[in-house]
Amino acid sequence: MFNKKKIIQRFKTILTLDNHPAHIAAGFAVGVFISFTPFFGLHTPLAIALAFIFRLNKLTCISGAWINTPVTVVPALAFSYKLGRFLRGKPVNELAFRGLEWQHLKPYAKSLLLGCSIMGFVAAVAAYFICYWMVIFFRRRDATMAEITREMEEVGEELE
């Protein structure tokens with residue numbers, strides 16, 4: 001199911017992109033936010049659309065949208081629903097759905113969308129800082145990349 005070599009290769013590809021670390025991290029963070037939305041099957045198209053609209057790095061945005069895996073999606077949905085109910089001042093009860101299709105989730109939409117938005121925002125902020133730090137850390141291992149990254153951070157933008 002998970003190919004460790006492919007995952008490691010994808011991370012290396014992201015960490016060595018010729019972009020400002022903040023640009024890489026921003027794309028990843030937006031993708032992570034998208035991964036927490038209950039719009040299953042639309043995560044990749046949403047990531048591509050937002051990457052184009054906001055001029056984010058497409059690879060990192062799509063990669064971030066794949067963070068919430070089939071293994072973690074049900075617990076994340078259950079917690080999001082409970083969080084949404086709590087924040088709306090409603091009694092916190094169990095989420096009982098028959099599938100991940102929108103017609104099964106629609107009765108819980110208000111609480112789900114609120115909870116997913118909060119969880120997605122928190123995860124996106126954390127993902128931004130973790131990704132930024134990982135890019136900087138990885139690039140420090142190569143003298144050329146470290147110098148380019150240092151110059152990008154001084155200038156505050158990508159170098160041409």
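**Entry 1: exposure terms.** I call a residue buried under 20% relative accessible area, exposed over 50%, and partly exposed in between, with a 1.4 Å probe and protein chains only. Arg 55 has a relative accessible area of 70%, so I logged Arg 55 as exposed. Arg 55 lies in the loop between α3 and α4 (58-65). I also noted its phi, which is near 55°, a positive value in a residue other than glycine.

**Entry 2: ground rules.** The model is predicted, so I note that local features need pLDDT of at least 70 and side-chain atom pairs count only at pLDDT 80 or more, while totals for chains, interfaces and linings use all residues. Residues are numbered from 1 along each chain as its sequence is written, and side-chain values use heavy atoms, with hydrogens and water left out.

**Entry 3: fold.** I counted eight helices and zero strands in the chain. Helices (H or I, at least four residues) and strands (E, at least two) are DSSP runs, numbered from the N terminus. Along the sequence I read α-α-α-α-α-α-α-α. Of the 160 residues in the chain, 38% are buried.

**Entry 4: nonpolar core.** For a nonpolar core I take buried Ala, Val, Leu, Ile, Met, Phe, Trp, Tyr and Cys residues joined through side-chain atoms within 4.5 Å. Which residues have the most contacts inside the largest core? I found Ile 24, Phe 28, Val 32, Phe 36, Met 119, Cys 131 and Val 135, in a core of 15 residues. Helices α1 (4-15), α2, α5 and α7 (109-139) each supply at least two residues of this core. The largest share, five residues, comes from α7. In soluble globular proteins, nonpolar side chains tend to be buried together.

**Entry 5: cysteines.** I searched for disulfides, meaning pairs of cysteine sulfur atoms within 2.5 Å. The structure holds zero. Cys 61 is at 0% relative accessibility, so Cys 61 counts as buried. Cys 131 is at 7%, so Cys 131 counts as buried too.

**Entry 6: cavity.** A cavity here is a set of points, on a 1 Å grid over the protein atoms alone, where a 1.4 Å probe fits but cannot get out; lining residues have an atom within 4 Å of a point. Grid points are joined across faces, edges and corners, and the volume is the space filled by probe spheres set on the points. I found one cavity of 30 Å³ or more. The largest cavity holds about 40 Å³ of space. Its lining includes Ser 35, Phe 36, Thr 37, Asn 68, Leu 77 and Cys 116. Which helix gives the most to this lining? Helix α5 (residues 70-87) does, with four residues.

I sorted the lining by class. Ala, Val, Leu, Ile, Met, Phe, Trp, Tyr, Cys and Pro count as nonpolar, Asp, Glu, Lys and Arg as charged, and the others, Gly among them, as polar. The tally is seven nonpolar, four polar and no charged residues.

**Entry 7: Thr 37.** I took Thr 37 from the cavity lining for a closer look. Thr 37 is found in the loop between α2 (21-35) and α3 (43-53). Is Thr 37 buried or exposed? With a relative accessible area of 13%, Thr 37 is buried. A polar atom of its side chain lies 2.7 Å from the backbone oxygen of Ile 34.

Entry 8: Gly 84 lies in helix α5. Gly 84 has a relative accessible area of 0%, so I logged Gly 84 as buried. The C-alpha atoms of Gly 84 and Ile 118 are 34 residues apart along the chain and separated by 8.5 Å. Arg 85 also lies in helix α5. Arg 85 is buried because its relative accessible area is 15%. For Arg 85 and Ser 111, 26 residues apart along the chain, I noted a C-alpha separation of 5.2 Å.

**Entry 9: two loop residues.** His 20 is found in the loop between α1 and α2. His 20 is buried, with a relative accessible area of 10%. The C-alpha atoms of His 20 and Ile 136, 116 residues apart along the chain, are separated by 9.8 Å. Phe 97 lies in the loop between α5 and α6 (102-105). At 24% relative accessibility, I logged Phe 97 as partly exposed. Its C-alpha atom and that of Ala 78, 19 residues apart along the chain, are separated by 10.0 Å.

Definitions and conventions. 1 Å grid on protein atoms, 1.4 Å probe; cavity = no way out; pocket = protein on both sides within 12 Å on 5 of 7 lines; lining within 4 Å. Polar contact = N/O pair within 3.5 Å; in protein donor to acceptor, adjacent residues only side chain to side chain.
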